[in-house]
Amino acid sequence: MKACLAICLVCVLALAGEPPTFADEGEVYTALKQDVLFARASLKPSTRVPGAPGSGPGSAGMVYDVDASTPGLRINSFQIGVHASRTAAEQAAERMVQSMSMGEDVYVNQPGPYGDIGDERHVWNGRGEGGSLVFLRQNIFVDFCWAGESARALALARRIDELIRTDRAVAPRGTFAPTPEIVAPGVPEQASRKARLTITPEFRGLGERAELRIAVMARDGFSSLTETTREGKSPPDIVVRGPRADSLSDTVRKRRPDEDGRFIMHIPDKAGPAKLTMIVATPDNVFVTKEFTVNVTE
């Protein structure tokens, strides 16, 4: 994300003085159907990086590698998430905003031309071309970074927001029963550095376990911790990255499907308290997180 913001940026944080009000009191968005959204917003799977993963859990939502059909616009990153509550969506937006580079010029609470995007938004609009946008529509989080004409990017943002608000085939509404959550990450309070643990997390309100996307992220971006993956959840051929940048030392191995709900977690290689976040996302982009700490020993 920071690479997208290397140019001198103008930041507009449009936060209403009054808390946003929502129609259908008590109802929230319960899904975001990405295939329908992409088709109706003229987005398509990216062809820039052949063989790259199409999606994966990010820090605040599911990350999709997509291209815009609009000439003169390139989407460098795109992330969406349906959070269990407005509060959870706001917390996700705050984490994302704090992780971004603001540039030298920061304008806070200026009216600007962006007040019609979402019910809360953060816009970093390049003085030339390119920029980044985070916006919320009730409990849905949207973030994308672009290169090219900012007017085209903001028009795309308005279209996405319109589809969320008006098209129930894109964003169904209702209530969560029960509320989606990670009950327990299933990780011991203490583990040896570089350990490979079999864990059994407990989830509620997230549907079929076999369909979930799961990751564990460290606050320290330099940690060797990568992710927690379900045994057999990934495609059968798993690329094991080698030390060479040209990929010639990469190997492929087979992973056995495991039907008992266990996951494999890799412990960071640095001793001491490791503050971690477990992320779980459903196929419809419902997104929940849970923070926990593991005391990593030698």
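These legends walk through several close-up views of the structure above. The model is a predicted one, in which local features need pLDDT of at least 70 and side-chain atom pairs count only at pLDDT 80 or more, while totals for chains, interfaces and linings use all residues. Residues are numbered from 1 along each chain as its sequence is written, and side-chain values use heavy atoms, with hydrogens and water left out.

**View 1. The whole protein, before zooming in.** The secondary structure comes to three helices and 23 strands; helices (H or I, at least four residues) and strands (E, at least two) are DSSP runs, numbered from the N terminus. Of the 298 residues, 45% count as buried, where buried means under 20% relative accessible area, exposed over 50%, and partly exposed in between (1.4 Å probe, protein chains only).

**View 2. The nonpolar cores.** A nonpolar core is a set of buried Ala, Val, Leu, Ile, Met, Phe, Trp, Tyr and Cys residues joined through side-chain atoms within 4.5 Å. The largest one here has 61 residues, and those with the most contacts inside it are Leu32, Phe78, Phe144, Phe203 and Val280. Helix α3 (residues 150-166) gives the most to this core, with seven residues. A second, separate core has ten residues, including Ala92, Val134, Leu136 and Phe141.

**View 3. The surroundings of Phe78.** Contact here means heavy atoms within 4.5 Å. Leaving aside neighbours within four places in sequence, Phe78 touches a list of residues that includes Phe38, Tyr64, Phe144 and Ile160. Met62, Val63 and Val66 are also among the contacts of Phe78.

**View 4. An aromatic cluster.** Phe38, Tyr64, Phe78, Phe144 and Trp146 form one aromatic cluster. Rings of Phe, Tyr and Trp (its six-membered ring) pair if their centres lie within 6.5 Å; planes under 30 degrees apart count as stacked, over 60 as edge-to-face and the rest as tilted. The structure holds four aromatic pairs. Phe144 and Trp146 form a tilted pair, 5.6 Å centre to centre and with 50° between the planes. Phe144 is buried at a relative accessible area of 0%, and Trp146 is buried at 1%.

**View 5. A salt bridge between Arg40 and Asp167.** A salt bridge is a side-chain nitrogen of Lys or Arg within 4 Å of a carboxyl oxygen of Asp or Glu, and the whole structure has 14 of them. The side chains of Arg40 and Asp167 meet at 2.2 Å, N to O. Arg40 lies in helix α1 and Asp167 in the loop between α3 and β12 (173-174), so the pair ties together parts that are 127 residues apart in sequence. Arg40 is partly exposed, with a relative accessible area of 39%, whereas Asp167 is buried, at 14%.

**View 6. A salt bridge between Glu120 and Arg86.** These two side chains meet at 3.4 Å, N to O. Because Glu120 lies in strand β9 (residues 120-126) and Arg86 in helix α2 (residues 86-99), the pair ties together parts 34 residues apart in sequence. Glu120 counts as buried at 17% relative accessibility, and Arg86 counts as buried at 12%.
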